[in-house]
Amino acid sequence: FASPLNHQLVAARRVDFGTAFADTDAPFGGVGPFETHADALYSGSPHTLLLLNPPFGPREMLAMAHRLERTLARDGSAASALVVVPSLEARGGTPPHLAALEASPHLVGEPLRLGAGEHAYVDGRAHRMTRRKTIRAARHESVVLLLSSHPAARGAAGAVLGAVRDAFRSAVDSG
């Protein structure tokens, strides 16, 4: 769920990401659509971390939830996924993507709910090398969920989700 234009190297190391254009994005780490190439995102390390912020279309988010569940359920999997999605509950009821994620046996910790205006994000222009980044307050509630097939994940869930909450909120303060 990324583009090379919004992708950054971590510690001078390429990090793989799902992309709509695997043929042109492969040199930058793109492995293709998450739904069809989730297994390629495993780096061969003992524990893989997936950061998922899919397009906010209901079908795309539900497809991502189902594919993530299959990925985490596969034999020998030792992966964790931090998922950030809009709740869309203001439209009435729990939407299917959120219901699927919250029903997962791989859900660890309590889903983190970040209200509108209580969290912010950097505008998706990581490719621009400017001194000042555009930080925008979110206009809708977001939900952050941690799903994992790693045995130690349950013990770390509170600390991980707390750090994520603090990072989103500090963006509001610095914006």
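The following paragraphs lead through the structure from the whole chain to individual residues.

The chain has a mean pLDDT of 79, and 74% of its residues score at least 70. Where pLDDT is low, the predicted coordinates should not be read in detail.

The secondary structure consists of five helices and six strands. Read from the N terminus, the order of the elements is α-α-β-α-β-α-β-β-β-β-α. Of the 175 residues in the chain, 38% are buried. The accessible surface amounts to about 10,100 Å², and carbon and sulfur atoms contribute 56% of that area. Among contacts with a separation of 6 or more, 64% are between residues 24 or more positions apart.

Which strands are joined to β6 by bridges? Strand β2, residues 79–86, runs antiparallel to β6 and is joined to it by seven bridges. Within this pairing, V83 lies opposite L145 of β6. Strand β3, residues 107–114, is also antiparallel to β6, and five bridges connect the two. Here L107 has L147 of β6 as its bridge partner.

Helix α4 (96–102) can be described through one of its residues, L98. With a relative accessibility of 0%, L98 counts as buried. Leaving aside residues up to four places away in sequence, L98 touches V85, S87, E89, R113, V143 and L145. The C-alpha atoms of L98 and P86 are 8.6 Å apart in space, and the two residues are 12 apart in sequence.

Helix α3 covers residues 58–73. Its 16 residues reach 23 Å from the first C-alpha to the last, which is close to the 22 Å expected at 1.5 Å a residue. The buried residues of α3 are M61, M64, A65, R67, L68, T71 and L72. An α-helix has 3.6 residues a turn, so residues three or four places apart point the same way.

The charged side chains provide a further set of links. Side chains of opposite charge can pair when their charged atoms come close. How many salt bridges does a search of the whole structure find? The search finds four. One of them joins the side chains of R113 and E89, with an N to O distance of 3.0 Å. This pair links distant parts of the chain, for R113 is in strand β3 and E89 is in the loop between β2 and α4, 24 residues apart. R113 also meets E102 in a salt bridge, at 3.3 Å from N to O. That pair again links distant parts of the chain, with E102 in helix α4 and R113 in strand β3, 11 residues apart.

Are the residues of these two pairs buried, partly exposed or exposed? R113 has 31% relative accessibility and counts as partly exposed. E89, at 24%, is partly exposed, and E102, at 29%, is partly exposed as well.

Another salt bridge is formed by the side chains of D166 and R165, at 3.5 Å from N to O. D166 is partly exposed at 44% relative accessibility, and R165 is partly exposed at 29%. Elsewhere, salt bridges that share partners join E89, E102, R113 and E141 into one network.

The last stop is T19, which lies in the segment before α1 (22–25). T19 has a relative accessible area of 4% and is therefore buried. The C-alpha atoms of T19 and G30 are separated by 5.4 Å, although the two residues are 11 apart along the chain.

Methods
Residues numbered from 1 in each chain as written. Predicted model: local features only at pLDDT ≥ 70, side-chain atom pairs only at ≥ 80, totals over all residues. Heavy atoms only, no water. Pairing = 2+ DSSP bridges. Helix = DSSP H or I, 4+ residues; strand = E, 2+ residues; numbered from the N terminus. Buried < 20%, exposed > 50% of the residue type's maximum accessible area, 1.4 Å probe, protein only. Expected span 1.5 Å × (residues − 1). Contact = heavy atoms within 4.5 Å. Areas by Shrake-Rupley, 256 points an atom, 1.4 Å probe, with all protein chains shown as cover. pLDDT = per-residue confidence, 0-100.
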